Amino acid sequence: MSAYLVTIGLEIHAHIKTASKMFDGCPADYAGAAPNSYVSAVSLGLPGTLPVLNARAVELAACAGMAINCHVNPRSVFSRKSYPYPDLPKGFQITQYDEPLCSDGWLDVQTAAGETRRVGIERLHIEEDTGRLLHAGDDDSSLIDYNRSGTPLMEIVSRPDIATPEEARLFFEKIRQVLVWIGASSGNLDEGALRCDANVSVRPEGQAEYGAKVEIKNINSFRFVERALTYEIQRQSEILQAGGVVVQETRGWREDLGRTEGQRTKEFAHDYRYFPEPDIPPLELSAAWITERQAELPELPDTRRARLVAEHGLNPQDADMLTLERPVADYFESAVAATVAAGGSAKEVANWVLNEGFRLLKERSEPAAALATHMPVAHIAALIGLVVTGSITRGVAKQLFEESFDSGADPAHMVTERGLTQISDSDALLVAVRATLADEKAAKAISEYRGGKATAVQFLVGMVMRATKGQANAQVVRSLLEAELAK
Ligand code: MN
């Protein structure tokens with residue numbers, strides 16, 4: 001097969017996390033509510049109603065724009081996009097067209113091969129979401145739920161800078177990470193609060209103009225975006241290879257069938273008959289307002305990751321994991337402060353969080369943000385302090401971590417109450433060492449050790465550790481064993 005160039009662009013829709021809808025005070029937190037119970041005259045598009053712009057939605061969207069390196073335009077304009085479909089009660093959507101809220105940004109993504117790829121962002125604009133059509137009955141009828149109608153959305157449009165399905169997934173994931181990090185969106189894919197459309201075209205190498213653009217609609221998972229694009233690139237390449245013509249159209253991803261299916265030939269912008277929204281004046285934002293939004297932004301994930309590496313000497317992979325979600329990064333840094341005070345290091349905290357903490361969260365099917373509740377900063381710091389000062393062994397600490405994670409009990413109390421302190425006293429350990437050497441199960445290892453196999457002592461250390469319920473100081477045990485065996 002001859003070589004083809006792939007061009008991918010993403011349009012990502014994200015719900016903006018506000019209490020009320022985009023153009024009136026109707027509550028927007030309809031999750032789990034009965035159909036059509038979160039509606040108002042405005043969100044139902046009744047005649048005579050007037051939209052009033054949600055100020056918080058504009059603030060959060062502007063923050064989101066800055067977080068993806070866009071600039072916020074001092075003036076933006078709302079437009080009507082005509083779209084005759086029953087989930088849109090007014091027959092048009094209020095959106096932004098040629099003058100969006102934010103423009104010209106970018107995000108970097110790291111590929112599995114370790115390459116950094118910069119994806120340009122053309123714009124971020126704000127608009128209202130539609131209602132939802134439900135095809136539930138056994139006849140041909142459809143039901144409509146308007147709870148979602150009029151909820152605030154931001155649409156982020158990338159430049160066609162994406163060259164592989166992997167990069168598309170990484171970009172989609174990165175957008176989610178940033179939006180959730182700054183609190184602008186829940187990023188909840190299952191609830192449809194984050195979804196993406198992918199544009200993809202393929203052209204023979206050496207051809208300057210882009211191939212026909214196919215749009216894959218409403219992808220609601222990171223895995224699906226990668227799979228759908230992989231499929232579509234293959235499909236278009238095969239058509240070109242066979243001398244055919246790729247049709248510009250909208251297609252849907254059928255996860256159950258593992259393929260895309262044609263839905264309709266692509267609309268063009270003029271089909272939407274955009275015109276300026278007469279009921280909402282142009283949005284004018286002062287320089288002072290924009291500066292306030294800038295100040296509202298927290299330290300962003302990439303900056304945070306670089307700082308964790310520089311300040312705490314973490315390796316980049318650990319820093320990646322610790323900055324996927326802001327509550328985890330916050331927890332980590334609080335735990336570091338408390339642990340350093342107790343004599344431990346940041347590296348120790350990273351290891352306990354990533355190994356024991358993440359393992360238990362996964363086993364208990366809990367979100368990463370729940371770590372702070374299960375293992376308060378004071379507990380993890382105390383536990384690490386007990387290990388680094390030699391008060392308890394790592395083995396005991398691991399057991400206590402899990403127990404404390406589940407029960408919420410203070411590890412320091414458990415150590416005192418149960419007498420779990422590490423035994424480093426040679427006289428006390430010598431008793432256990434001699435008892436072990438007298439045990440017939442030790443006979444084979446003893447003769448191997450005496451026969452010159454130095455590593456056989458490890459087996460004997462293990463026996464003493466078990467006999468002392470993991471509380472013995474393994475180094476002391478080892479030197480005692482070597483001394484006894486040398487006799
Ligand atoms: Mn849109």
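Trainee: Which residues line the largest cavity?

Mentor: This is a predicted model, in which local features need pLDDT of at least 70, side-chain atom pairs count only at pLDDT 80 or more, and totals for chains, interfaces and linings use all residues. Residues are numbered from 1 along each chain as its sequence is written, and side-chain values use heavy atoms, with hydrogens and water left out. On a 1 Å grid over the protein atoms alone, a cavity is a set of points where a 1.4 Å probe fits but cannot get out; a pocket is an open set with protein on both sides within 12 Å along at least five of seven lines; lining residues have an atom within 4 Å of a point. Here the largest cavity is lined by Val42, Ser43, Gly45, Leu88, Pro89, Lys90, Glu128, Asp129, Ser149 and Gly150.

Trainee: What volume does the largest cavity have?

Mentor: A volume is the space filled by probe spheres set on the grid points, which are joined across faces, edges and corners. For the largest cavity the value is about 40 Å³.

Trainee: Which residues are the closest to the centre of the second largest pocket?

Mentor: The second largest pocket has a volume of about 960 Å³. Its lining comprises 29 residues, of which Gln177, Asp320, Thr323, Leu324 and Glu325 are the closest to its centre. Helices (H or I, at least four residues) and strands (E, at least two) are DSSP runs, numbered from the N terminus. Helix H2 gives the most to this lining, with seven residues. Domain bounds come from an automatic or database assignment, and domain 1 (4–292) and domain 2 (299–418) each supply at least three residues of the lining of the second largest pocket.

Trainee: Which residues coordinate the manganese ion?

Mentor: Donors are N, O and S atoms within 2.8 Å of the metal (3.2 Å for Na, K and Ca); water is not among the atoms, so sites may look incomplete. The manganese ion is coordinated at 2.0 to 2.2 Å by His13 (NE2), Glu127 (OE) and Glu155 (OE). Because His13 lies in strand E1 (residues 4–15) and Glu127 in strand E7 (residues 116–128), the pair ties together parts that are 114 residues apart in sequence.

Trainee: Is His13 buried or exposed?

Mentor: Buried means under 20% relative accessible area, exposed over 50%, and partly exposed in between (1.4 Å probe, protein chains only). His13 counts as buried because its relative accessibility is 13%. Glu127, at 3% relative accessibility, also counts as buried.
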